[in-house]
Amino acid sequence: MLDSKIPAGKLEDKWTDYKGHCKLVNPANKRKLEVIVIGTGLAGASAAAALGEQGYQVKAFCFQDSPRRAHSIAAQGGINAAKNYQNDGDSVFRLFYDTIKGGDYRAREANVHRLAEVSVNIIDQCVAQGVPFAREYGGLLNNRSFGGVQVKRTFYAAGQTGQQLLIGAYQALERQVALGNVKMYNRHEMQDIVMIDGKARGIIARNLISGQLERFFGHAVVLASGGYGNVFYLSTNAMGSNVTAAWRAHKKGAHFANPCFTQIHPTCIPVSGDHQSKLTLMSESLRNDGRIWVPKKQNDTRKANDIPEEERDYYLERRYPAFGNLVPRDVASRAAKERCDAGYGVGTTKQAVYLDFKYNLINKYGKAEANKHGIQNPDTETLVRLGKEVVKEEYGNLFDMYEKITGENPYEVPMRIYPAVHYTMGGLWVDYDLMTSVKGMFCLGEANFSDHGANRLGASALMQGLADGYFVIPYTLGNYLADEISVKPIPTTDRAFVEAEAKVNERINRLMSIQGTQTVESFHKRLGKIMWEKCGMARNEQGLKEAIQEIRALREDFWKNVRIPGGIYEMNPELDKANRVADFLELGELMCMDALERNESCGGHFREESQTPDGEALRHDDQYMYVSAWKLNGENSWELEKEPLNYEVIKPTQRNYK
Amino acid sequence: MEHYNMNLTLKVWKQKNAETGGKFETYKVSNISSEMSFLEMFDVLNEQLIREGKEPIAFDHDCREGICGMCSMYINGRPHGPWHGTTTCQLHMRAFKDGDTIVVEPWRAKAFPVVKDLIVDRSAFDRIIQAGGYISVNTGNAQDGNAIPIPKENADKAFAAAACIGCGACVAACKNSSALLFLSAKVSHLALLPQGEAEKKDRALNMIAQMDKEGFGSCTNTGACEAVCPKEIEITNIARLNREYLTAGLASDTKKH
Ligand SMILES: Cc1cc2nc3c(=O)[nH]c(=O)nc-3n(C[C@H](O)[C@H](O)[C@H](O)COP(=O)(O)OP(=O)(O)OC[C@H]3O[C@@H](n4cnc5c(N)ncnc54)[C@H](O)[C@@H]3O)c2cc1C
Ligand code: SF4
Ligand code: FES
């Protein structure tokens with residue numbers, strides 16, 4: 001039975017009580033304890049830095065050439081915190097409530113409340129590190145608003161918030177490297193976890209330059225390896241983002257929770273052709289100032305600027321007057337799909353809607369600037385010019401990116417956007433301590449399932465990654481390691497290490513020996529197509545059943561026909577990729593099984609069988625108020641364990657953004 | 001925007017590993033859409049090579065959004081290619097026309113040895129940061145984020161310097177392989193903020209010492225770095241570094257952490 005180890009007591013006291021009573025490791029003992037951290041994105045870099053500062057001997061790993069390159073670097077819009085600097089009614093409770101509601105009541109109250117509590121410390125910490133957040137003229141921190149909430153609590157640095165936060169964490173990490181507390185292994189990819197007496201005690205990693213396998217011991221292993229959105233082939237994730245670390249952990253006994261909970265982000269640059277290798281996000285913050293619309297007429301072929309105001313359908317404002325363009329992501333994505341499926345899509349592919357800045361550029365920013373400069377009765381041209389300046393400061397890099405990719409100038413013509421896979425709420429199951437169902441193996445950041453339920457609110461992933469790394473794991477890991485202080489480092493010549501390495505070796509040799517006719521990429525693309533069509537924005541029983549069969553067949557084909565050029569003991573990016581795609585081919589099946597089992601709609605998981613008369617997601621709390629934790633029993637055979645969700649403070653209701 | 005297809009000749013640097021020498025190989029690709037990114041064109045080429053049983057070309061990339069700093073191709077004699085303020089991954093094929101020949105090489109610098117083909121080792125940058133590119137503050141107990149107001153102008157300037165993606169194009173463009181634009185961007189970012197004040201002198205001195213140790217050359221102010229920087233990091237950062245630290249700093253000795 002899974003035990004979430006949620007502390008007793010009142011919700012708002014749990015974390016304080018935990019910190020007051022958890023076991024501690026004294027400084028002398030910390031120096032004797034070795035901790036492995038897989039991944040140095042926001043979650044991993046912050047964890048490795050904080051643990052290094054505490055005196056643990058940390059070994060940190062990433063597959064890029066530097067920790068500064070992790071996928072987190074690409075986060076654009078911002079990071080939430082319940083600072084209430086705007087005096088607009090925000091509080092820890094409201095951030096907690098918004099997150100639970102946004103997640104469609106499929107997250108744990110205790111974890112989310114802790115997240116809201118430490119959110120304020122994150123901002124303070126980052127400012128102290130020199131993160132250059134946006135500021136107002138008075139020198140105080142500025143905020144913007146994000147979807148699914150009615151307060152302004154998002155801190156940001158233009159459209160490069162992830163970059164600035166990651167650089168802050170990276171610098172803290174490099175400082176610990178210089179001090180000798182952290183040893184950093186770049187271009188190393190974890191391949192397996194080494195288990196000794198039922199506990200995680202080390203890893204096998206592949207040196208991506210030499211191709212050699214290397215063994216590392218740790219008293220505990222912390223995974224912070226990111227999300228698995230690339231199972232869809234096309235997503236907003238970085239090209240290298242993958243599930244391998246989490247999946248190999250799953251194979252060593254860690255339960256995988258809610259694998260089907262995927263976030264499809266409503267505002268991404270649409271696919272332009274078969275050559276497409278990834279999709280680019282246009283930050284949710286743009287919905288602050290952009291209005292989404294399609295023509296009122298089906299198959300309208302006029303240019304956007306030629307369609308008069310009264311012939312535009314601002315469908316989000318029409319359907320959801322209370323939240324308008326700022327409804328949560330899942331709602332906005334489905335609404336875009338609905339319009340395009342009904343024949344109102346725009347652009348050559350008709351799989352796009354407009355995101356238009358003209359109105360706010362003129363009316364919000366242009367007029368404000370004109371007032372500021374004392375310009376009387378400005379004409380539209382002046383307003384546009386003045387408005388542009390402000391918009392440029394807020395989102396300049398995003399507008400430039402859009403123009404580089406599409407060749408169109410979004411200051412002049414509306415952006416064309418369409419939903420794309422963006423984030424995975426599912427991940428390794430963890431308890432309140434962020435420990436997986438394997439003793440001594442922890443999981444942080446996007447790789448775990450913990451805080452976002454069935455849908456993540458914008459600007460909450462950065463918050464969670466840094467909460468986990470800076471403020472949670474330093475306590476909860478100590479609580480575990482306090483009982484391990486007498487364990488001497490285990491030499492990597494131990495049988496467990498030798499055997500684990502032999503297994504990894506055998507798998508790599510098997511991959512290389514296939515020498516078939518089809519490229520790794522072609523398999524990945526085919527898998528992505530199945531997932532997108534049958535386990536994407538809308539899912540149904542028949543499609544999911546077909547998808548499972550198709551994925552099985554594809555997997556078999558892969559292991560017979562894939563062609564990997566080059567050799568094992570050299571730098572070989574195709575081999576690296578094959579290794580990852582092989583895991584995606586297993587994960588895809590589990591995602592479909594999970595989606596099939598959950599015959600309700602909640603958050604980003606939309607089962608066509610379960611909707612309200614006006615097409616909104618319909619939950620079935622009586623049947624599905626649980627976390628689905630999948631345990632691997634044998635090769636591609638899983639058993640479902642359910643962790644019931646008990647709402648003690650919030651009363652779940654049908655989400656309503658109207 | 002009109003789209004078109006093109007046929008191209010590519011001359012690409014192939015090098016097995018750090019120990020062996022390398023040479024240019026010539027490849028042909030056809031039907032390349034003007035809508036592709038430069039790296040998608042390389043994807044097409046690599047797929048073609050694998051199907052023909054040949055070795056694909058190794059290159060670094062990850063985000064493909066111009067922010068991770070991983071991509072690093074020297075295209076037609078210019079780091080990151082012809083577009084101003086643009087990384088290799090954000091360069092799109094409409095920059096080229098049918099029949100073009102494109103020459104692609106890795107970054108060339110003593111401090112950035114080639115690992116394979118177009119991939120180089122930029123770990124020297126991490127070591128420069130380790131030498132002082134941070135504010136020495138441990139986690140926890142930071143004061144309230146609004147306790148020290150920071151004039152917007154300074155915050156904006158710090159942000160502009162902090163936008164550096166650590167790609168190394170500045171080094172690749174410089175005839176002396178100097179890393180001073182990269183280094184000065186970090187020093188400026190931190191020195192412009194009150195939190196970074198205290199350590200600013202030691203930080204600059206220690207980072208410069210590390211830069212010299214890594215084998216980067218010296219700066220002779222030609223401005224080639226600024227011209228190719230995909231994040232438009234300004235050379236005034238170097239001036240700030242020189243002005244504020246070098247004169248004052250050379251007299252005092254370098255402290256270690
Ligand atoms: C385009 C984009 C914009 C976004 N914008 C926002 C935003 O504005 N606000 C917000 O809150 N969230 C945003 N997100 C989401 C957020 O960026 C991510 O969820 C978050 O950064 C994940 O951080 P992480 O530390 O968990 O993982 P990552 O940053 O993905 O890091 C994973 C790390 O694990 C390493 N790794 C993986 N596998 C292995 C292995 N086998 N061996 C060794 N190392 C391994 C990698 O090298 C890397 O260091 C955005 C996401 C995208 C795609
Ligand atoms: S200064 Fe510019 S060119 Fe140099 S590393 Fe930074 S972003 Fe790249
Ligand atoms: S691939 Fe990330 S900047 Fe080019």
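What is the handedness of the crossing of helix 3 of chain B and helix 5 of chain B? The crossing is left-handed, a term used if the near helix is turned anticlockwise from the far one by less than a right angle, with right-handed meaning clockwise. This is a predicted model, in which local features need pLDDT of at least 70, side-chain atom pairs count only at pLDDT 80 or more, and totals for chains, interfaces and linings use all residues. Residues are numbered from 1 along each chain as its sequence is written, chains are lettered from A and ligands numbered from 1 in the order in which they are written, and side-chain values use heavy atoms, with hydrogens and water left out.

**Helix packing in chain B**

- Helix 3 (residues 152-162) and helix 5 (residues 180-191) of chain B have axes that come within 8 Å and cross at roughly 155 degrees. Helices (H or I, at least four residues) and strands (E, at least two) are DSSP runs, numbered from the N terminus. Axes are lines fitted to C-alpha atoms, for helices over the stretch in contact, and angles run from 0 to 180 degrees between N-to-C directions.
- The crossing angle makes helix 3 of chain B roughly antiparallel to helix 5 of chain B. Angles under 35 degrees count as roughly parallel, over 145 as roughly antiparallel, 65 to 115 as roughly perpendicular and the rest as oblique.
- A158(B), A161(B) and A162(B) of helix 3 of chain B make the contact with A185(B), S188(B) and H189(B) of helix 5 of chain B. Contact means heavy atoms within 4.5 Å.
- This contact of helix 3 with helix 5 of chain B has 4 nonpolar, 2 polar and no charged residues. Ala, Val, Leu, Ile, Met, Phe, Trp, Tyr, Cys and Pro count as nonpolar, Asp, Glu, Lys and Arg as charged, and the others, Gly among them, as polar.
- Helix 2 (residues 123-130) of chain B packs against helix 5 of chain B at about 35 degrees, with the axes 11 Å apart. Their crossing is right-handed.
- F125(B), I128(B) and I129(B) of helix 2 of chain B touch F182(B), L183(B) and K186(B) of helix 5 of chain B. That contact has 5 nonpolar, no polar and 1 charged residue.

**Ligand 2**

- The residues around ligand 2 include F125(B), C164(B), C167(B), C170(B), L181(B) and C229(B). A residue is near a molecule or strand if one of its heavy atoms lies within 4 Å of it.
- The shell around ligand 2 has 10 nonpolar, 2 polar and no charged residues.

**Helix packing in chain A**

- Helix 14 (residues 520-534) and helix 15 (residues 541-561) of chain A have axes that come within 10 Å and cross at roughly 175 degrees. The two helices of chain A are therefore roughly antiparallel.
- Their contact has 9 nonpolar, 2 polar and 5 charged residues.

**Sheets in chain A**

- An open, antiparallel sheet of 5 strands has the order 11-15-14-12-13 (chain A). Two strands pair if DSSP finds at least two bridges between them.
- Its edge strands are strand 11 (262-268) and strand 13 (312-313) of chain A.
- Strand 11 of chain A pairs with strand 15 (residues 415-424) of chain A over 5 bridges. C268(A) stands opposite Y418(A).
- Another open sheet has 3 antiparallel strands in the order 6-7-8 (chain A). The twist averages 30 degrees from one strand to the next.
- Strand 20 (residues 626-634) and strand 21 (residues 637-644) of chain A pair antiparallel over 8 bridges. They form a hairpin with 2 residues between them, and N636(A) in the turn has a positive phi of about 50 degrees.
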